[in-house]
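Reader: I've got a model open and I'd like to learn how to read its ligand site and pockets. Can you walk me through it?

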Amino acid sequence: MNWYEENPAPINADLIQSQVQSFCSLHHQKRSIVLVTSGGTTIPFEKNTVRFIDNFSQGTRGSASTEYFLQDEDMAVIFLYRSTTLRPFVRHFAHTNFLEMLQRDPQDLSQLQVKSEHVSKVMTTWQDYQKVKMNNRLLEVGFTTLTDYLWYLKIVCQTLKPLGARALLYLAAAVSDFYIPRQDMAEHKLQSSEGAPTVQLKMVPKMLAPLVMDWVPQAFVVSFKLETDESILLSKARKALQTYKHSLVVANLLESRKERVILVEASSEDLILMSVEELSKGHEIEEKIVQNLLTKFKKKLES
Ligand code: PAZ
């Protein structure tokens with residue numbers, strides 16, 4: 001039995017399918033479509049979930065990259081993201097209490113206005129967002145569990161297949177390698193009175209294999225490799241490329257992921273670095289990653 005037979009689709013799978021289908025039909029003739037995955041998946045312990053295994057990913061990479069892809073008007077983005085993590089545009093206010101950004105309008109006390117110190121940032125972000133919204137170039141699909149993520153990933157990929165080489169996959173989500181099969185999950189909240197549970201995790205099948213071979217065989221597929229031990233990072237990235245034969249692996253270390261990444265291709269490597277000055281001015285490494293990838297993607301498309 002394959003993983004999809006063992007794990008039933010989420011109840012809203014048909015709705016997601018029809019949203020993705022309409023989005024792809026809208027852009028099919030004129031644009032390339034990028035699937036950006038972002039944030040981490042959860043592994044629930046119980047069917048009525050109270051506890052779950054999670055991971056660190058905040059969705060900075062995915063949400064920031066989405067904004068840079070959207071700066072190119074030839075691109076539309078499907079943003080498949082962990083529901084509680086950062087989203088493009090609104091991320092700029094994620095650490096601000098929005099009630100503290102507002103005040104009464106002195107001319108009309110029944111109205112609220114944005115405080116002067118926030119106006120410039122709110123205005124530029126709002127304008128960037130409006131530009132994208134006007135052409136409907138962003139579709140956001142939220143997931144929580146590994147099961148949601150793997151089902152939506154398949155649905156999106158199969159819908160992108162007809163775009164051929166005009167589909168770009170940017171798989172930055174931190175997807176669990178282990179899961180608890182549904183039949184082994186408790187129905188209700190695990191009870192401490194029954195003692196510490198023994199949980200046997202199973203390996204999640206590597207979906208990059210069917211994705212590259214069957215779901216989107218002509219797409220430009222970029223996967224990410226995260227490690228904490230620098231000595232194994234490049235060899236693991238190269239191994240992934242050899243195994244799955246996709247376009248490129250972005251290799252990064254947990255500690256330095258905002259300052260340094262390596263784009264690994266079959267016969268070359270590009271080191272992308274941020275200087276202290278660039279970082280202090282608020283520049284983001286995702287801008288350089290996306291520019292580099294778009295150049296490669298367009299070159300392949302034209303060849
Ligand atoms: O989401 P974030 O900005 O906090 O982190 C990004 C990242 C490290 C999850 C991403 O760059 C990445 O490497 N994703 C793949 C992780 C993996 O190897 O499974």
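Predicted model: local features only at pLDDT ≥ 70, side-chain atom pairs only at ≥ 80, totals over all residues.

Reader: Which distance separates a backbone N or O atom of G59 from an oxygen atom of the ligand?

Author: That one is 2.8 Å. A backbone N or O atom of L226 also faces a ligand oxygen, at 2.9 Å, and for T60 the value is 3.3 Å.

Reader: How much of the ligand does the protein bury?

Author: Areas here come from the Shrake-Rupley method with a 1.4 Å probe; for residues, only the protein chains shown count as cover. Alone, the ligand exposes 470 Å², and the protein buries 90% of that.

Reader: Which residues come nearest the ligand?

Author: "Near" means that a heavy atom of the residue lies within 4 Å. There are 13 residues around the ligand, and S57, G59, R61, L226 and N252 come nearest. Helices (H or I, at least four residues) and strands (E, at least two) are DSSP runs, numbered from the N terminus. β11 gives the most to this shell, with three residues.

Reader: And how do I read a pocket?

Author: Rolling a probe the size of a water molecule over the atoms shows where empty space is left. On a 1 Å grid over the protein atoms alone, a pocket is an open set of points where a 1.4 Å probe fits, with protein on both sides within 12 Å along at least five of seven lines; lining residues have an atom within 4 Å of a point. A molecule sits in one if more than half of its atoms lie within 2 Å of its grid points. Here the ligand takes up the space of the largest pocket. Its lining has 47 residues, with A173, A174, V175, D177 and F224 nearest the centre.

Reader: Which residues lie nearest the centre of the second largest pocket?

Author: Those are E67, Q71, F89, H92 and D128, out of 19 lining residues. α4 (116-134) gives the most to that lining, with six residues.

Notes
Residues numbered from 1 in each chain as written. Heavy atoms only, no water. Polar contact = N/O pair within 3.5 Å; in protein donor to acceptor, adjacent residues only side chain to side chain.
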